[in-house]
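Please keep the sequence and the three-dimensional view at hand while reading.

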Amino acid sequence: HSPYVADSGCSEPMFLDVSSCTSIGEGDECWVEMQYSTLLQLAGGDEHAIPRTYWITVHGVEQTCELHSIKYSFAVQTLWTLTYFPVGETICNTVDEGQYNFHRLRPRAVENPQCSILRIQVSDLDVGESVDLLVNDHHLASSQEHHFTVNSGVEGNIDTKYICGYDDLYLSVYGEQASDNTIDYRMTVEKIEINAKDLFDDSIYYADDDDDDACPHEHDFYRFKTARPNGHHDGSFFRVLVDSEFNTQVYVNKNDFAWEGCADSGYGENNPSITGTTSVNVYDFCDFDDGSYFITVVSDGPYYIYTDIRDDAKELQIGEVFRDSLEPGMYQMYLLDICDDWKEADDRLVVEISDVDNGDVYGWIRRNGNPGDPTEFGYNQCSEATAFADYGANESGYDFLLVDHCSLDSGQYRILIRASPHEGSPERDCEHVSFRLYPYLIDYQIEPENIFPNTPITDAVDFWTVNRIVPEHVPFANYYRVHPRQEGEGFYEQVSQAVARLSNVEGGLLHLRVMCDHLATAEFGYIDGEIYGLVANSADDLDYDPTHNGLINPANKMQSGRYPFVYQNIMDHRNSVYQPECTGCSDFCCEMTFDDLDQYITDKSCAIWIPSCYWIWKDFYIAVEPITQFAQDHHVTYTLQVDQTRDFRLLQPDHNSVNSFEGDNWDYDFFYSISSEPQSMRWRVVVTEGEGVLVTVRNHRCPLQATWVKQVWCDADYFDRPWMCDLEIPTRAAHPGDNAFFLSVYGKNATYSIGFWRGRENCHDFTGSGRNEGLDFCAGLVPYATWRWDSYHNLDQEAECFFEELYQHFRVQPCYTGVTAECNSTLQAFSCYESFKRCDAQGFYTGTCRQSCEAVVYECANWFETVDLEHYNCTSSRYLDGNAQTCTGNPAFASIDSSNHRFLGQEPD
């Protein structure tokens, strides 16, 4: 984003750095570093979406003299010197204070399986000097992006070990403090062979079982191979137990040695003097996979280590009670299959944990993967829902796991149960904790009405109905199901799309929701079904949301019965990933609300576009509910229609299409434009009657997949060209590189014309000097095809005004006032080139030729910067090389012979 002045009407740009360089005084220096990790985060984790263009602003805060501007030097560096560092060799090098030496290790990857670690030494530093050693895998190591760092200190050197595995290792030495701006140092990298001990399933290994060998363990390395020939069953997980009477740390990693920063499968620690226990348990629930696990143990004394793969998941059945018991502190995995034919669109899954005896029980659930028990170190955080059945005086010993109807899909649900140990009463840990699991599906008892694409229906809802027991009463909300038309009728999946539209609404304002494969509902409503496990939001939960009612009785978490006449919380809070303002079970929504603009204060419709990527061959569910009702004795009536279209309509180049939105109802039109190669593009919308329209152009038929978007509201309030708007891709740099563009036009009560031009259709060749077409000042100076414009007279005046500005700068010289005739002509031509841009072969307009700028400098005997026009310096990237590419400029000024002409400083007086 370009720098901007704060404006409430503008969206906030995303700044990469606003604090590294502030209030820099005379003689000071500063720098801004943009690291790969920062840019990747900015791109949402997609390295292909990392920005390629950055805007930099230098702002003068204070100057010492009004007549003298602030001068500074400025450099941008993107390419850094990188040297290979062979393992086993020593180098002598220097690094400047505040600078880096970048190295890439050779060989760059560790062996597989890993059997060595690196020892890195930095020595021979002078007293008072210090450096930072930085290590990173895959990317350059820097102060802001590194996996591992060590500081030498002003009195010492560096001797450290790098334990983690690596695929492409980079080393950097950063000069932190120097006595004479330069730091001399010696650096060595060597491999140390490590023989990791093999551990086995369901077995114990004793470390230091010999009293003579009892000593602290800096780091012991172990390897565990999951040896089952055909892999382990669903629900399996890995456990590492280390028991010691001394302080202990345990790291677990897949495929490579485990250590700080490379323990992807778990970490645990224990200080017996604080916890009163001697064991450390590390579990890999979420990401368990067959292969090699590496374990690193750090202990102040003897210990034993136990490794085990739990491959004993138990199966549950829908609607059947399962009783079980666990030793306190232990886990058990359960499997529950849900078939697609078993569930309805409004079904939710409830797994009750009840009849808890002799201890607390925790539960977690996840679909098609192991859930986990989250640790304080951030591991095993992969569950979709959690539960805690509290055992004790005045406690219910009951809780439930809930997968609401909007999240319930067919597949295998895995449930992890843990029996809590008895804190403060270790003797009771011999008693097993018993409990009951009861999984079942339960629905709202809402039966949606079937409707059909392209077939309107008329219906009504009532916000005020009190007597809802009468069979013929008008409901508070209406629910519908619609299935797309398919290939047999000429509609194709991922190409066909739809618009769900409420129209002709009378008596109030409505909310419209659309959801695929799940019943569309609000978070609150009326239901006839039982309320067992209706919501999980509870006042005693750590993540309790006070804006929602949650459980009726959060203390014991039990609720039952039916409340068909009560407006109640029927699902936990949810925001759509497609349209974040949509709550409840809806991926797309729209609502009719009073607007502060007079023409919209009586809206009678709303429309939802369902893109082709979402409009697939499944059932879609629609909910209509009132926001408000103007009179208690008049229902809110409406017409609902789901319009399915086969595809976007093709806009032919150099043609117009006239369309209209009628009946005071919001609606969409869809078009697409294509070209055989990247060419300039222009779309013109002219509203010929009624209100405005919103026009959006994307480079993909689906909004979320589009990487390029342009949008304009075409309104009669535009003072210069009422009712007319252009969307353009005028330059090669502005073109996203796609050959197809998709347009949506949204509006109501409007008739409009939309036209499309591509390539050289967007260019104009003047006849003769161009005087008959509006040229005066630039007449005869535009002998090339230029970007098409509505009024060339306006551009001509723009060029003349620019000439006057240039003239005022160039005419004042140290020894005289005025310019030569040659300078005057060159400034005139340059001014015209800046307004009338030449088109290239694909119809893109081009920048000014650098030779045209140099012609001004030559004929006017002055650099642009010396007349306070630094923006137009000939070294600027705004100019193009006329010898290598198409650019804007008269060939007469594009071929100055440097062998016969001398530039400034070389011409004789």
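## Basis of the report

The model is predicted, and for that reason local features need pLDDT of at least 70 and side-chain atom pairs count only at pLDDT 80 or more, while totals for chains, interfaces and linings use all residues. Residues are numbered from 1 along each chain as its sequence is written, and side-chain values use heavy atoms, with hydrogens and water left out.

## Domains

The domain assignment of the protein gives domain 1 (89–192), domain 2 (197–310), domain 3 (314–443), domain 4 (452–537 + 562–638), domain 5 (649–757) and domain 6 (769–893). Such bounds come from an automatic or database domain assignment.

Helices (H or I, at least four residues) and strands (E, at least two) are DSSP runs, numbered from the N terminus. Strand E14 covers residues 248–254, and six of its seven residues are buried; buried means under 20% relative accessible area, exposed over 50%, and partly exposed in between, with a 1.4 Å probe and protein chains only.

E14 has pairings with two strands described here, where two strands pair if DSSP finds at least two bridges between them. With strand E15 (residues 266–270), E14 is joined by five bridges in an antiparallel arrangement, and Tyr251 has Tyr267 of E15 as its bridge partner. With strand E17 (residues 292–299), E14 is joined by seven bridges, again antiparallel, and Val252 stands opposite Ile295 of E17. In a regular strand the side chains alternate between the two faces of the sheet.

## The sheet that begins with E39

E39 runs parallel to strand E41 (residues 667–674), to which two bridges join it. Arg649 has Phe671 in E41 as its bridge partner.

## A buried aspartate

Where is Asp462 placed? Asp462 is in the loop between strand E29 (457–461) and strand E30 (478–482). With a relative accessible area of 3%, Asp462 is buried. Its side chain makes a polar contact with the side chain of His635, at 2.6 Å. A polar contact is a pair of N or O atoms within 3.5 Å; within protein, one must be able to donate a hydrogen and the other to accept it, and residues adjacent in sequence count only if both atoms are side-chain atoms.

## Salt bridges

A search of the whole structure finds 31 salt bridges, a salt bridge being a side-chain nitrogen of Lys or Arg within 4 Å of a carboxyl oxygen of Asp or Glu. In one of them, Arg310 meets Asp312, with the closest N and O atoms 3.2 Å apart. Arg310 is buried at 13% relative accessibility, whereas Asp312 is partly exposed at 35%.

Another salt bridge joins Arg436 and Asp355, whose closest N and O atoms are 3.9 Å apart. This pair links distant parts of the chain, 81 residues apart: Arg436 is in strand E27 (residues 433–442) and Asp355 in strand E22 (residues 348–357). Arg436 is buried at 18% relative accessibility, and Asp355 is partly exposed at 43%. The side chains of Glu834 and Arg878 also meet in a salt bridge (2.7 Å, N to O). Glu834 lies in helix H4 (residues 821–835) and Arg878 in the segment after helix H5 (850–860), so the pair ties together parts that are 44 residues apart in sequence. Glu834 is buried at 15%, and Arg878 is partly exposed at 26%.

## Where domain 5 meets domain 6

The C-alpha centres of domain 5 and domain 6 lie 33 Å apart. Their contact takes 14 residues from domain 5 and eight residues from domain 6, contact meaning heavy atoms within 4.5 Å. The two domains bury about 960 Å² between them, 50% of it on carbon and sulfur atoms. Buried area is the accessible area (1.4 Å probe) that two parts lose on being put together, summed over both. In domain 5, Arg682, Pro730 and Arg732 lose the most area to domain 6, together 48% of what that side buries.

Between these domains there are two salt bridges and seven residue pairs in polar contact, both residues at pLDDT 80 or more. Strand E42 (681–690) and strand E45 (724–729) are the elements that give two or more residues to the side of domain 5 that touches domain 6; the largest share, three residues, comes from E45. The side chains of Asp790 and Arg684 meet in a salt bridge (3.0 Å, N to O), and both residues belong to a network of salt bridges that also links Arg682, Asp726 and Glu728.
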